[in-house]
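Visitor: I'm new to this one, and I'd like a close look at a single part. Could you pick a strand and walk me through its surroundings?

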Amino acid sequence: MLVAAAVCPHPPALVPQLAPGADEIEPVRAAAIEATRTLVAAEPEQLIIVGGGPERASYPPSPAGTFAGYGVDLSVRLSGAVSETDDLPLSLLVGAWLLNQAPWDEPARGEQIPENATAHECARIGAELASSADRVGLLVMGDGSAARTDDAPRRHDDRAEAFDRAVAESFRDLDAAALLGLDAELADELGVAGRAAWQVLAGAAGPDSDALFDAAVLYEGAPWGVGYLVAVWERHG
């Protein structure tokens, strides 16, 4: 059963060593750490980091990764301990780093979701994850559109801001159906990296999410032209 979820973006700059002096990212980082600490405080017996990637993959607590490819040889493991291997994708790397800030010292596993997965596939995965233990917590990693401004990674698209706003409202309103209804083709055109992971959360929360959970959006903005959202869902009681 899903008891709590934290939704965070995964830019490498979230890690201070990778972006020294980047004041624009500090509010995002602070909100993401707060959300992760709220997730840890829910005391899940199974904590799972969910993030997008090129293919479906599951990672037990032992695999680790390094940020060396982003300029700093900083290693993290899903359990929060340091390792020297290089197996984790970026979404799970940043998630593992966030868990280390919480801190979370128990085992955590990672689930990479194909970025082209259908909403039905994501919902099925989410339901399976939610049923994997009596108390499941999800750390859901994903960026919004990458086309908000002229200096964004993607070419500026007037549809980007409205897309990100709709996503934020879905999280604020605990609207799992709206998340599952996100336009995958439009998300791809806008460079959205979080669509599949968000839909996994929707599947884990179930159709009655608005009646079972409390929601808080801790950050909503677009530094560097990329939509970043930080939110928390907590089950009543």
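Guide: Let's start with a term: two strands count as paired if DSSP finds at least two bridges between them. Keep in mind, too, that what you see is a predicted model.

Now go to strand E1, residues 2–8. Four bridges join E1 to E9, and the two run antiparallel. E1 also pairs with strand E7, residues 136–141, this time in the parallel sense and over six bridges.

How buried is E1? A residue is called buried when its relative accessible area is under 20%. Seven of the seven residues of E1 are buried, so the strand is largely enclosed by the rest of the structure. As a bit of background, side chains in a regular strand alternate between the two faces of the sheet.

Trp-224 isn't a glycine, yet its phi is positive, at about 65°. With a relative accessible area of 33%, Trp-224 is partly exposed, whereas the residues of E1 are buried.

Glu-43 lies between helix H1 (26–41) and strand E2 (46–53). Glu-43 has a phi near 55°, again a positive value in a residue other than glycine. Glu-43 counts as exposed because its relative accessibility is 61%, and the cut-off for exposed is over 50%.

Key: Residues numbered from 1 in each chain as written. Predicted model: local features only at pLDDT ≥ 70, side-chain atom pairs only at ≥ 80, totals over all residues. Heavy atoms only, no water. Buried < 20%, exposed > 50% of the residue type's maximum accessible area, 1.4 Å probe, protein only.
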